[in-house]
Amino acid sequence: MPLFSRRTVLAVGAGAAAGLTLPGIAHADSHRTSVGFVLDAVTLDGGEQVISLTLNTSRLGPIDPASLATSTFSVHATATSPIDTGGQTVGYDLDRPVTAAQLDRHGNIVLSLSYGEGQTGGGTLGYIGSKARNVQLDLVYTITQNVPILLRHGRPVTISRFVQGRLANPEVDAFTYHVSGSGMKYRLYSPHRHGRRPLVVWLHGGGEGASLPDDYYDNETTLRANRGALGFATREAQQIFGGAHVVAPQSTSAWMDDGPRFAPLIHEIIREVVRGRNVDTDRIYVVGCSNGGYMSVKMTTVFPTVFAASVPICGVVAPRQPGGAPLVPDAELVGISTPTWLVASRDDTTVNPQANTVHAHDLIPGALMTLYDHVIWNGYQFPGHWSWIYVARNDPAINGTHIWQWMAEQRAEAGQPQG
């Protein structure tokens, strides 16, 4: 039974070209032309969505903005899984409403699309239940021009062909791609500041690991499925931490499959980042959700002096099956010396908060805990398991101190990652 049950939808970056025939305006312009476009995306709390298309029209000349309307272009999106789904329907095939058509400062046409939490047809990921994995869907956008656009001197222009380009998400794109010496992939954000800076280690949930039988290991879903890692790269977080490196390793399966084996592989990545970046080794923090929440706890039992603080979110320490051995034994929980702040929601039906978060809090010396009743952000209620949303927004607080500020104040006992 998967620890995650999430996300439907979406697609990513497949290059595609869509032809166009407009009988009613075929003679509007004798210089019919091809235009490329970019898919503009943002990672919402519920996952990444394409929110607009930017058409590379600046080279056509100055466009009269008055000739643009929401009906000027139509947009259709098709999303399919890159791997076998075992018969599950994953993706979509639908029209995406255009909510605005306007020019950016470069003279490119931007088509804003309807999007929002829970809205079908906007996301870039699909969840395959049989594999307990999110995948980045193959996406084909087709643009149809319904009426000519006008240049400022009045010449009508009909675009004959639209060529799909890359998926652009500035927050995700700010993380560089890496592979550790042992072959584990990870993404890394580094601040534009000099001097020794802290390091935040984000450990993803079960749905963002690899699907090895399909050779699917993308180094993408860790940043696109939620704002867990991205939150620490925001301007607000960077100000609180005084500039921080953020690393997001991607498991080759699920952390809970073999935590003791994964722990040194994660530690290897930390050591690589420390060697390659100017990291303050007294301020290395580990944060993770669900599977990653378990792994956050596990890291502090295997490497007790490395981390300045640990934030396990809706993590697992109890047995996976009735009568089985606990994933993190009580003796290990009692022995944790890393400052720990646990977060969960009482209505979590995926990971029992009492048997896991509350139990761990009661045993870890000096641990703090925030328990929510529900997971609600900006008026939208998410599944109770998704309490990582609150940490990604710096919402948990105790006695007026929010969780990012608390993390930033912590220092490790020894600091230097162990060999």
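# Exercises on rings, a strand and a cavity

A search of the whole structure, which is a predicted model, finds twelve aromatic pairs.

**Exercise 1.** Classify the aromatic pair formed by Tyr380 and Phe382, and state for each of the two residues whether it is buried, partly exposed or exposed.

*Solution.* A pair of aromatic rings is described by the distance of the centres and the angle of the planes. For Tyr380 and Phe382 the centres lie 4.8 Å apart and the angle between the planes is 65°. Planes over 60 degrees apart count as edge-to-face, so this pair is edge-to-face. Turning to accessibility, Tyr380 has a relative accessible area of 33% and is therefore partly exposed, whereas Phe382, with a relative accessible area of 4%, is buried because its value is under 20%.

**Exercise 2.** Which residues are linked into a cluster by ring pairs, and over which rings do Arg187 and Arg261 lie?

*Solution.* Begin with the cluster, in which ring pairs link Phe232, Phe241, Tyr285 and Trp404. Then take the arginines in turn: the charged end of Arg187 sits over the ring of Tyr177 at 3.7 Å from the ring's centre, while Arg261 lies over the face of Phe262, 4.5 Å from the ring centre.

**Exercise 3.** Describe how strand E7 is covered and which strands it pairs with.

*Solution.* Strand E7 spans residues 109-113, and five of its five residues are buried. In a regular strand the side chains alternate between the two faces of the sheet.

Next come the partners. Strand E3, residues 47-55, runs antiparallel to E7 and is joined to it by four bridges, with Leu55 standing opposite Ile109. Strand E6, residues 98-103, is also antiparallel to E7, with five bridges between them, and here Gln102 stands opposite Val110. E6 and E7 form a hairpin with five residues between them, and Gly107 in the turn has a positive phi of about 90°.

**Exercise 4.** How many cavities of 30 Å³ or more does a search find, and what lines the largest cavity?

*Solution.* The search of the whole structure finds one such cavity, and the volume of the largest cavity is about 40 Å³. Its lining includes Gly293, Val297, Pro312, Asn356 and Thr357. Helix H5 (291-302) and helix H7 (354-363) are the elements that give two or more residues to this lining, and H7 gives the most, with three. By class, the lining has six nonpolar, four polar and no charged residues.

Terms used. Residues are numbered from 1 along each chain as its sequence is written. This is a predicted model: local features need pLDDT of at least 70, side-chain atom pairs count only at pLDDT 80 or more; totals for chains, interfaces and linings use all residues. Side-chain values use heavy atoms; hydrogens and water are left out. Rings of Phe, Tyr and Trp (its six-membered ring) pair if their centres lie within 6.5 Å; planes under 30 degrees apart count as stacked, over 60 as edge-to-face and the rest as tilted. Buried means under 20% relative accessible area, exposed over 50%, partly exposed in between (1.4 Å probe, protein chains only). A charge sits over a ring if NZ of Lys or CZ of Arg is within 6 Å of the ring centre and within 35 degrees of the ring normal. Two strands pair if DSSP finds at least two bridges between them. On a 1 Å grid over the protein atoms alone, a cavity is a set of points where a 1.4 Å probe fits but cannot get out, and a pocket is an open set with protein on both sides within 12 Å along at least five of seven lines; lining residues have an atom within 4 Å of a point. Grid points are joined across faces, edges and corners, and a volume is the space filled by probe spheres set on the points. Ala, Val, Leu, Ile, Met, Phe, Trp, Tyr, Cys and Pro count as nonpolar, Asp, Glu, Lys and Arg as charged, and the others, Gly among them, as polar.
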